[in-house]
Amino acid sequence: MYSVSITTQPEILPQLRRESLRRIIEQGVRSDGRGKFDYRKIAIHVGSVRTADGSAIVHLGNTKVIAGVKVGIGVPFPDTPDEGALIVNLEMPPIAAPTIEPGPPDENAIEIARVVDRTIRHSGFIDFKSLCIVPGKHVYMLWVDVYVLNHDGNLYDAACIAATAALASTTLPRAVIEQDQVRLAREERAPLKVNVDALPLTITFAKVGNTILVDPTLEEENVCDSKITVGVAKDKIVAIQKTDGALTRDNIGQMIPKAVELYRSLREIVINALQSPHRELII
Amino acid sequence: MSSQPTLIDLSKITSPAELRRIMHDLAREGKRIDGRAPDQMRPIRMEVGILSNADGSALVTYGDTVAIAAVYGPREVHPRHLALPDRAILRVRYHMTPFSTPDERKRPEPTRREIEISKVIRQALEPVVLLEQFPRTTIDVFIEILQADGSTRVASITAASLALADAGIPMKDLVLGVSVGKIGDLIIVDLNRYEDAYGDGDMPIAIMYNKGLVTLLQADGQWSPEEIMRGVELAYKAAESIYRAARDVIKSKYVEAAKTTQ
């Protein structure tokens, strides 16, 4: 049935392993030794894809994603004639995990792309008015394509770091106006202006029993009861997306301020990476 | 075209910028463009059993937003490999009719937005339906938006919940949908299309009323953590009135049924 959302098949995991994993998590222990609110090791390489206008490779533990930005020219939306556009797309190619079949983005990929899109869009990170070339006629379009290379959980945060870092490293080709046509002079470039103060990032939590933890691995995602992603920019919440399960009011009250707190240290890591662009393409 | 009492004459407004400004000016006085109080829902209408072919069905309106939901099942799953050995699967489709928006015709094929909304509605319903009572079957929930005036996904959840109850499918609770938003510093419930388009934030929420659990939570715009919590509180308050109306509709259906079978 086309376009119907279907209850997902649970990952095949021996019952004993599932139960023991849940039990140790509820005792505050994670199988990789992290604390409940610790991120995995993060590595970010920006600017190493030479054919892209901006790019970033992000390692979040064993999760690996790559984001590339291509700048194009398009017609503005009628209700925002003086603003450029941002389009975020996420693909999960079959190289990323043994369970992934080739095909167009499924509902999970579409959901992640849309949440990352909303987080960036509402953060104030990009000045959409600065992307206007001729009001009502020609604007810059920022196409952000995120590809998952290795899926070990928390694709939201990895994809958002990659998209944000790729945009921060983007240079805009100069727009040349000839009569009524606009073309891009790809050899003449200026950096895309971004507001690093409002760097958009998501913070993803998983709930197992009554325990809440951040940055779940794929194994933790497979045994958790509920998952929630919070988009943060500076001190504001700019997106929320609950996926599985149900939450209490207290859960929400605990996670929202925690997300703002965790955001600060995650932001430091991303900003440091932005200051040292990579020439070599290292996957 | 709006049937809502309006505080201002929308036909005299010439630009989105002007509407945005008027909305924000009103919000500073705690007012909304349709004259509602911040915590006031639009008029709600609910009916069940509106489609004779479906096992359960419902119509829910929040003001000018009209959602209908049909439930088919529990029934056999095709293709069979989708079936789960220990419980039913839930299949949900949220769809907007091409004539449901006031501007241009919406193309009928599903958009990325509709695919995402179908998924979040499924995950808002899964925690309440006792799927384990019907292994190897599917419970299909189909939703069509006939008129869109903001808050369509949350009206859909309330409609789906009623249709499931109408189908007699055992549930842990009723789940009710309500949207919360903000205009400037004003936190409001049940956004209409203007508040959705020109406000500063939108937070759709679904609540299992008796258990007090949140099964759908999304947000966009810009919120402080404290505003998020105020919004959640408002949603709980609004869910209570929606719950009462929903319970009464289901109850009266069974009272009617009892009368005619005596």
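B:Leu217 is buried, with a relative accessible area of 1%; buried here means under 20% relative accessible area, exposed over 50%, and partly exposed in between, with a 1.4 Å probe and protein chains only. I start there and work outwards.

Conventions, briefly. This is a predicted model, in which local features need pLDDT of at least 70 and side-chain atom pairs count only at pLDDT 80 or more, while totals for chains, interfaces and linings use all residues. Residues are numbered from 1 along each chain as its sequence is written, chains are lettered from A and ligands numbered from 1 in the order in which they are written, and side-chain values use heavy atoms, with hydrogens and water left out.

Back to B:Leu217. The residue lies in strand E9 (residues 213-223) of chain B; helices (H or I, at least four residues) and strands (E, at least two) are DSSP runs, numbered from the N terminus. B:Ile205 is 12 residues away along the chain, with 4.8 Å between the two C-alpha atoms. Leaving aside neighbours within four places in sequence, B:Leu217 contacts B:Met203, B:Pro204 and B:Ile205, and from chain A it contacts A:Ile228, A:Ile240, A:Gln241, A:Lys242 and A:Ile252. Contact means heavy atoms within 4.5 Å.

Which residues touch the most other members of the largest nonpolar core? They are A:Leu167, A:Ile203, A:Phe205 and B:Met203, in a core of 142 residues. A nonpolar core is a set of buried Ala, Val, Leu, Ile, Met, Phe, Trp, Tyr and Cys residues joined through side-chain atoms within 4.5 Å. Helix H5 (residues 225-261) of chain B gives the largest share of this core, 12 residues. There is also a second, separate core of 13 residues, with B:Leu19, B:Met23, B:Leu26 and B:Ile188 among them.

Now the helices. The axes of H5(B) and helix H5 (residues 249-274) of chain A come within 10 Å and cross at roughly 165 degrees. Axes are lines fitted to C-alpha atoms, for helices over the stretch in contact, and angles run from 0 to 180 degrees between N-to-C directions. H5(A) and H5(B) are therefore roughly antiparallel; the cut-offs are under 35 degrees for roughly parallel, over 145 for roughly antiparallel, 65 to 115 for roughly perpendicular, and oblique for the rest. On the H5(A) side are A:Arg249, A:Ile252, A:Gly253, A:Ile256 and A:Val260, meeting B:Pro225, B:Ile228, B:Met229, B:Val232, B:Glu233 and B:Tyr236 of H5(B). By class that is 8 nonpolar, 1 polar and 2 charged residues. Ala, Val, Leu, Ile, Met, Phe, Trp, Tyr, Cys and Pro count as nonpolar, Asp, Glu, Lys and Arg as charged, and the others, Gly among them, as polar.

The other pair is H2(A) with helix H2 (residues 112-125) of chain B, packed at about 105 degrees with axes 9 Å apart. That makes H2(A) roughly perpendicular to H2(B). Residues in this contact include A:Glu107, A:Arg114 and A:Arg118 of H2(A), and B:Arg112, B:Glu116 and B:Lys119 of H2(B). The contact of H2(A) with H2(B) has 4 nonpolar, 1 polar and 9 charged residues.

H2(A), residues 107-121, also holds A:Thr119. A:Thr119 is buried, with a relative accessible area of 0%. Among the residues A:Thr119 touches, beyond four places in sequence, are A:Cys160, A:Pro200, A:Leu201 and A:Val238.
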